[in-house]
Amino acid sequence: MGYQQYGISPQLVERIKLKMKNPAMKERVKGLLDGITKQDLQNGPKVQRLVKSIGSQLHEKFTPTEEEQIVRFVLSQRIDPNNTFHLIKLWGMFR
């Protein structure tokens, strides 16, 4: 799995996936990500703020190391939220 190469634990991913199955939590996270651009997802400080905000919404307390690993993962993926192929690729990583 791609995220494991960045040191992100499978247990953390599973916990977040489980929480994202709750429709209310999913809508809150979608609201935070509404309007995000490719440039936003290549801006380290902005991604770090997003990770903290999403962690707060999901009631997840990330360690500084986990936070940094997630930020590095997002930056290295060069995600374009308007490109369906990129979104399918991400979905496949976390199935």
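**View 1: What helix α4 packs against.** Contact here means heavy atoms within 4.5 Å. Through its buried residues (buried is under 20% relative accessible area, exposed over 50%, partly exposed in between, with a 1.4 Å probe and protein chains only), α4 packs against α1, α3 and α5. Those buried residues are Glu66, Glu67, Gln69, Ile70, Val71, Phe73, Val74 and Gln77. This is a predicted model, where local features need pLDDT of at least 70, side-chain atom pairs count only at pLDDT 80 or more, and totals for chains, interfaces and linings use all residues. Residues are numbered from 1 along each chain as its sequence is written, and side-chain values use heavy atoms, leaving out hydrogens and water.

**View 2: Helix α4 from end to end.** Helices are DSSP runs of H or I with at least four residues, strands are E runs of at least two, and both are numbered from the N terminus. With its 14 residues, α4 spans 20 Å from first C-alpha to last, close to the 20 Å expected at 1.5 Å a residue (1.5 Å times one less than the number of residues).

**View 3: Tyrosine 6 meets phenylalanine 73.** Look here for the 1 aromatic pair that the structure holds (Phe, Tyr or six-membered Trp rings with centres within 6.5 Å; stacked under 30 degrees, edge-to-face over 60, otherwise tilted). The ring centres of tyrosine 6 and phenylalanine 73 lie 5.4 Å apart with planes at 75°, so this pair is edge-to-face. Distant parts of the chain are linked this way: tyrosine 6 sits in the segment before α1 and phenylalanine 73 in helix α4, 67 residues apart. Phenylalanine 73 is buried, at a relative accessible area of 5%.
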